[in-house]
Amino acid sequence: MPDRTTRLEELKSILIGPAATLYAAQKVASDQISEKTKAALGQLVDAHLLVSGVLGGVLLRTNGKYTEHGALHQERRVLFAAYVVGMPLCELAIEEGRYLQALTLLRHEMETLAQIVTSHAGKRKRGE
């Protein structure tokens with residue numbers, strides 16, 4: 001009986017073709033949808049650029065500067081970082097027409113924004 005490594009290599013050689021076909025089909029379809037999405041969004045792309053510019057401006061104003069410390073401020077930084085990290089994933093999912101994934105990511109981004117707003121308003125309790 002072949003060992004696991006040998007069996008894994010056999011399976012890889014058998015499945016590399018179907019895997020490549022799957023990824024290639026996804027890439028071709030997502031590229032086509034992406035072009036159509038960008039054209040359909042029109043001025044929303046400009047609005048998105050403006051919002052991203054505001055966000056970038058906030059980040060640049062605080063970059064490398066001393067900011068307040070404490071659990072609440074740390075929580076806000078974590079929430080803000082989570083939002084920023086999730087933005088490109090959400091954008092790409094929308095752009096490529098992966099709507100189920102985009103909906104889930106967008107919901108997560110909106111929940112994160114709500115937590116940031118609640119925290120900033122002083123209504124968020126620690127651990128919520």
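Predicted model: local features only at pLDDT ≥ 70, side-chain atom pairs only at ≥ 80, totals over all residues.

User: Why is Ser34 called buried?

Analyst: Buried means under 20% relative accessible area, exposed over 50%, and partly exposed in between (1.4 Å probe, protein chains only). Ser34 has 7% relative accessibility, so Ser34 counts as buried. Ser34 lies in helix H1, and its C-alpha atom is 4.8 Å from that of Glu96, 62 residues apart along the chain.

User: Why is Leu103 called exposed?

Analyst: Leu103 has 56% relative accessibility and therefore counts as exposed. Leu103 is in helix H4 (residues 99-120); helices (H or I, at least four residues) are DSSP runs, numbered from the N terminus.

User: What makes up the largest nonpolar core?

Analyst: A nonpolar core is a set of buried Ala, Val, Leu, Ile, Met, Phe, Trp, Tyr and Cys residues joined through side-chain atoms within 4.5 Å. Here the largest has 5 residues: Leu55, Leu79, Tyr83, Met87 and Ile116. Helix H3 (residues 71-95) gives the most to this core, with 3 residues.

User: How does the span of helix H2 compare with the expected one?

Analyst: The expected span is 1.5 Å times one less than the number of residues. Helix H2 (residues 43-62) has 20 residues and reaches 29 Å from its first C-alpha to its last, close to the 28 Å expected.

User: What lines the largest pocket?

Analyst: A pocket is an open set of points on a 1 Å grid over the protein atoms alone, where a 1.4 Å probe fits, with protein on both sides within 12 Å along at least five of seven lines; lining residues have an atom within 4 Å of a point. Of the 22 lining residues, the closest to the centre are Leu44, His48, Ser52, Glu91 and Ile94. By class, the lining has 15 nonpolar, 3 polar and 4 charged residues. The largest share, 9 residues, comes from H2.

How values were computed
Residues numbered from 1 in each chain as written. Heavy atoms only, no water. Helix = DSSP H or I, 4+ residues; strand = E, 2+ residues; numbered from the N terminus. Nonpolar A, V, L, I, M, F, W, Y, C, P; charged D, E, K, R; others polar.
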